[in-house]
Amino acid sequence: MRSEKEMFELLISTARDDERILAAYLEGSRTVPQVPRDIFQDYDLVYVVTETRPFIEEKEWINRFGQRLYMQYPDEGIWDNGNHENCYGWLMQFADGNRLDLHVCTLAFVKEQLKKGEPYRILLDKTGCLPQPGENLEKVYWVKKPSQEEFLAVCNEFWWCLNNVAKGLWREELPYVMEQLNFVIRPMLFKVLAWKAGKDHDFSASVGKGGKYLKNYLPEAVYESYMRTYPAGEKEAIQKSVFEMCSLFETMAREAAQALGFSYHEEEGRNSRAYLEHVCQLPKDAKEIY
C-alpha cells in the first residue's frame, strides 16, 4: 500500500506538471486533525482547472494514479447533475488499498464551494488563486444547538410516525416497518442523541457522518441502549427494539428540554407509546382498534 507521503507526491506532481491545473487542495477527513488516522481514509482531492472538458474527454489520464480495482463516475448516467462544465469527478479504489475521490473544478465554482466554510488544505497553488483556509474550520461539523421550534418538530415527527410502525407490526409487513424505523424514526432519535452529545460538550463536538463518533461522546449506558435499537429482521426483535427506541428517545428528549430550557409535550409521547402498545396487543382477527 502506497504511503501517505507517496500519494501526496503523486497528487502534487501531477498538478505541478500539468499546465491546465492551477491549484490542488484536499477536502474531507484528512484536513481535520481531530479525526483518527487509519488505513481506510481516502484522499478527497480537487484540482482547480482552466476548463473541465479536456480532462473528461481524455479517458486515459486517470491511469497515472495507479491500478484500479473498480471505480465510479458520480456525474454520469442517472447521477448526472448537468454541471460537467464546472465540476466533474472520478471515485477510484486502487489495487494497493488506497482510494482517491478526485474532482476537477473551475476556479469560479471552487470559490463558491469554499464559501461553505468546510475544512480544506491547499497542496499546491501555482497562481495564488485560492483563499487561505481560516482557523477551526471543523466547527462547521459541530452539533448545532436546536431552536425550540426544531426540538418540538423532531419530537412530534418521532412520536407521530410510530403509528405507521404500529400498523406495520400488526400487519406483519416487516420490510415496511424497518423502512419506517430506519429512514423516518431513527433520524429523529439520532438528532436528540446528537444534541445530548453537543450540550454535554458545549456544542463543540462532531458526532461524524452517520453518528460514527457518537460512542466517543455519549455515556456508555446511553450508547449501549442506542445499539439495542438495531433489531434483527424478526417481528419480536423489531418490536422489542421499537420500545427501546421509545424509552431512549423519551429520556433524551426530556433531558434536552431541561438542559436547553425548552418545553416538551409529555402527553404526546405518552399517548403515542400507549397507542403503540395497544396495537401490538391486538389479535390478528381484530375488527376494531378500540
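Trainee: Which atom lies 2.5 Å from a polar atom of the Thr52 side chain?
Mentor: The backbone oxygen of His84. A polar contact here is a pair of N or O atoms within 3.5 Å; within protein, one must be able to donate a hydrogen and the other to accept it, and residues adjacent in sequence count only if both atoms are side-chain atoms. Bear in mind that this is a predicted model, in which local features need pLDDT of at least 70, side-chain atom pairs count only at pLDDT 80 or more, and totals for chains, interfaces and linings use all residues. Residues are numbered from 1 along each chain as its sequence is written, and side-chain values use heavy atoms, with hydrogens and water left out.

Trainee: Where is Thr52 found?
Mentor: In the loop between strand E2 (43–49) and helix H2 (53–57). Helices (H or I, at least four residues) and strands (E, at least two) are DSSP runs, numbered from the N terminus.

Trainee: Is Thr52 buried or exposed?
Mentor: Buried, at a relative accessible area of 0%. Buried means under 20% relative accessible area, exposed over 50%, and partly exposed in between (1.4 Å probe, protein chains only).

Trainee: What is Thr52 in contact with, leaving aside neighbours within four places in sequence?
Mentor: His84, Glu85, Asn86, Cys87, Val104, Cys105 and Thr106. Contact means heavy atoms within 4.5 Å.

Trainee: On to H1. Which of its residues are buried?
Mentor: Met7, Phe8, Leu10, Leu11, Ile12, Thr14 and Ala15. They pack against strands E1 (21–27), E2, E4 (87–94), E5 (99–106) and E6 (121–125).

Trainee: And how do H7 and H8 pack?
Mentor: Helix H7 (residues 220–227) and helix H8 (residues 235–260) pack at about 145°, with their axes 9 Å apart. Axes are lines fitted to C-alpha atoms, for helices over the stretch in contact, and angles run from 0 to 180 degrees between N-to-C directions.

Trainee: Which residues meet there?
Mentor: Val222, Ser225 and Tyr226 in H7 meet Glu244, Leu248 and Met252 in H8.

Trainee: What about Ala232, where does it lie?
Mentor: In the loop between H7 and H8. Ala232 counts as partly exposed, at 46% relative accessibility. Leaving aside neighbours within four places in sequence, Ala232 is in contact with Ala237 and Ile238.

Trainee: Last one: where is Lys139 found?
Mentor: Lys139 is in the loop between E6 and helix H4 (148–171), and is partly exposed at 43% relative accessibility. Its C-alpha atom is separated by 8.8 Å from that of Pro119, 20 residues apart along the chain.
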